[in-house]
Each structure stands twice: as C-alpha cells, then as structure tokens.
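User: I would like to learn how to read a few features of a protein model. Please give the general idea each time, then the case at hand.

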Amino acid sequence: MTERPAAIDVPPAGTFEDMLRIVEELNTPAGYKAELIRGKIVVSPWSKLRYLRPMRRLRAQVEAHAPEGHVTETSPFLFVFPPSERGFGPDLFVADESAFDADGRHADGAALSLVAELTSDSTKDVDWLDKLDTYGRIVPVYLLLDMKIQEISAFWDPSPKGYRSRTNIPFGRPLHVPAPFDFELDTSEFTLPEPEAGTSPE
C-alpha cells in the first residue's frame, strides 16, 4: 500500500448499495480505511502519528461541548450519504449515539453534528472538494485543519447547495465553533513540531 489515497479496481457494481457492500466486505490492511468517493472505492492510510497530539486536543475540547446524547470519536466508522452516493470515514466525528444501536457496519450521515478532517497534500483535494460539498448539505459543522499551512477553517449552516458560512484562522488564534457547540476552540496546540531531518512533513 502507498501513503497516498488510491482507487482500487473492483468488478462493475452498479448501484450505490452494491458499492457500499463491497467497501464493507473489503479486507482493508491495518492502518488503512476504505471510502466511497465519486463512484470509486478509495483506500487511504489513517492519520500520521504526528497528528495524534492535535487530534487529541481537538477531541477533548469538542467532546466537552457536544450536544447531549452525542458521542465524539476518532474510531474508523463509515458514514454514508445516499443522496450523494458517498461513504466517508472522518478523522474525527460527533454523532447521535443512537445511530450506533443498529446492526451493520455503517452509520447514517444524518446523525452527524460535526466532522473534522486533518488534511495534508495527499488528502486535500477530497477534503476541500468532495467532502466539503457532501458535508455541506447535511452536517451542521465541518472543521478542516490544514496541517501543512497550519490553518483551521470552520464551515457551518448547511444547505442543499453547501455551507452558507465559513471562517478561517491560523493556528494559535481562538476559533468560534458554531451551534450546536457554541464555544471558543483553543488552536494553540495544533501546530506540529518540525519533522526530523530526512523525513517528509506530509
């Protein structure tokens, strides 16, 4: 497997439900996730080790302000968006806990109250385009952390044409996370340390 997302070849599947079944039945290698993007099954690695600290800081703050009955997780769960024929595994999500009472291996995207993606060169196209468009039609809040340029964007107020509102700040400044969370997010600990010599930051 590579360190970049890669589409995999599968037999013609036909419907969204057929493709979803294939995604769920894939024997994905440890450390990788499979998503359904633009009619293709895309396998990509989970976040880098150096993303753990900012992800934990983000989770702790978001969880403290999550709506009642909602859980905050970074576990590899697939959320489906049938109208867009997409299936995504967010880096971090907040969702109605009742969505996990059912059998099966995927949850309804309508249960989400917030998603966060920690993007890099290898994932930014999907995070900034396909996921932004899909989340923007149904998920109340989308946080997009650009780990390369050290900025965070918040999108909210979803509509059939996508998010109506957006703000963007550099790491280090407080970010207001809109309702249903409504709190000031401390981004000062999201900055990554410089990579060791001879390694690539992305």
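User: In which loop does Ala-179 lie?

Analyst: Some conventions come before that. This is a predicted model, in which local features need pLDDT of at least 70 and side-chain atom pairs count only at pLDDT 80 or more, while totals for chains, interfaces and linings use all residues. Residues are numbered from 1 along each chain as its sequence is written, and side-chain values use heavy atoms, with hydrogens and water left out. Helices (H or I, at least four residues) and strands (E, at least two) are DSSP runs numbered from the N terminus. Ala-179 lies in the loop between strand 13 (175-177) and strand 14 (183-185).

User: Is Ala-179 buried or exposed?

Analyst: Buried means under 20% relative accessible area, exposed over 50%, and partly exposed in between (1.4 Å probe, protein chains only). Ala-179 counts as exposed because its relative accessibility is 56%. Its C-alpha atom is 9.4 Å from that of Ser-113, 66 residues away along the chain.

User: How many residues does helix 2 have, and which of them are buried?

Analyst: The expected span of a helix is 1.5 Å times one less than its number of residues. Helix 2 (residues 52-63) has 12 residues and reaches 16 Å from first C-alpha to last, close to the 16 Å expected. Pro-54, Met-55, Leu-58, Gln-61 and Val-62 are buried in helix 2. Down the helix axis these buried residues fall within an arc of 135 degrees, so they line one face of helix 2; the arc is that of the directions from the axis to the C-beta atoms. Leu-52 and Arg-56 are exposed, on the face turned away from the buried side.

User: Which strands do the buried residues of helix 2 pack against?

Analyst: Contact means heavy atoms within 4.5 Å. The buried residues of helix 2 pack against strand 4 (70-73), strand 7 (92-96), strand 9 (112-119), strand 10 (141-146) and strand 14.

User: Where does Ala-64 lie?

Analyst: Ala-64 lies in the loop between helix 2 and strand 4. At 61% relative accessibility, Ala-64 counts as exposed.

User: Which strand gives the largest share of the lining of the second largest pocket?

Analyst: Strand 2 does, with four residues. Both helix 1 (16-25) and strand 2 (32-37) supply at least two residues of that lining.
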